[in-house]
Amino acid sequence: MKIIRFPYSLFGIFGLVGLIMCMIGVCILVSGKRFEAAAETVTGTITAIEDYRDADGDRHYQAYVDYSYQGRLYTKVRLNYYSSGMYEGEEIELKIDPQNPRNAKAKNSYLVAGLILSGMGVVFLLVGVVPTIIGMKKSAREKELLRSGKILYATVEQIGINPGYTVNGRHPYVVYCSYTDEFSGVIYRFKSNNIWTNPEPVLQEGSEIRVFVDGRDYSRYYVDVEGCMQNKVIDYT
């Protein structure tokens, strides 16, 4: 039997990628700041902008500059930065490594790369961390309900498909059930977590199923499909 649990591994990958991107972004910012602190400033001229396509067919651009440093002319030096506003003949402020004058970088170019990478890293980190925290809280709440929650014996109303969730082209099943309070006459309806295995061999419309609820707040509940199917359906597919 396969019960869909919160995909910690998937979101964990997002979080890890985000953390790595943040670390690389910070490293770029730190190293760039150190470089500019030790570098000297010169004015260069963009002499060529070449375009090329990568293996995926995406177009990229590479700018080249000429500049003079300590009486020596450096020509067609590959620049580490390009923006759509650049044009041939444009004068641009450069930072030069005194120990290696052909090592020229556009002023503050490290900020662009570092901030973009760090920003993307934060987004990935949030995508990974926030759902994981929510999922962990949900799992902890379900365990607490199974341990000390009030048990209601609900009636299965429908076994359906969750079209909003897909893995490998498959949709999970969900069980809808209801419970009628015999004293107040109030009808409570519940929906199970996603499950991979078709529960119909064990559950049908009209079947009884346990629902664990918080006695003070029925909106905090857990439909025990897993308990109904345990040792009754073993799914290796």
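Reader: Is Ala-48 buried or exposed, and what is its relative accessible area?

Author: Keep in mind that this is a predicted model. Ala-48 is found in strand S1. Buried means under 20% relative accessible area. Ala-48 falls in that class, so call it buried, with a relative accessible area of 16%.

Reader: Okay, which residues is Ala-48 in contact with, leaving aside its neighbours within four places in sequence?

Author: Contact here means heavy atoms within 4.5 Å. With neighbours within four places in sequence set aside, the contacts of Ala-48 are Gln-62, Ala-63, Tyr-64 and Glu-88.

Reader: And how far apart are the C-alpha atoms of Ala-48 and Ile-116?

Author: Along the chain, Ala-48 and Ile-116 are 68 residues apart.

Reader: What is the bridge partner of Gly-44 in S4?

Author: Strand S1 (residues 40-53) and strand S4 (residues 91-97) run antiparallel, with six bridges joining them. In S4, Gly-44 has as its bridge partner Ile-92.

Reader: Now the helix: what is the relative accessible area of Leu-19?

Author: Leu-19 sits in helix H1 (residues 8-38). Together with Leu-16, Ile-20, Met-23 and Ile-24, Leu-19 forms a nonpolar surface patch of about 450 Å² accessible area. Patch members need over 30% relative accessible area. Leu-19 clears that as a partly exposed residue, at 40%.

Key: Residues numbered from 1 in each chain as written. Predicted model: local features only at pLDDT ≥ 70, side-chain atom pairs only at ≥ 80, totals over all residues. Heavy atoms only, no water. Pairing = 2+ DSSP bridges. Helix = DSSP H or I, 4+ residues; strand = E, 2+ residues; numbered from the N terminus. Patch = residues over 30% accessible without salt bridge, like charges linked within 9 Å, V, L, I, M, F, W, Y side chains within 5 Å. Areas by Shrake-Rupley, 256 points an atom, 1.4 Å probe, with all protein chains shown as cover. Salt bridge = Lys/Arg side-chain N within 4 Å of Asp/Glu carboxyl O. Buried < 20%, exposed > 50% of the residue type's maximum accessible area, 1.4 Å probe, protein only.
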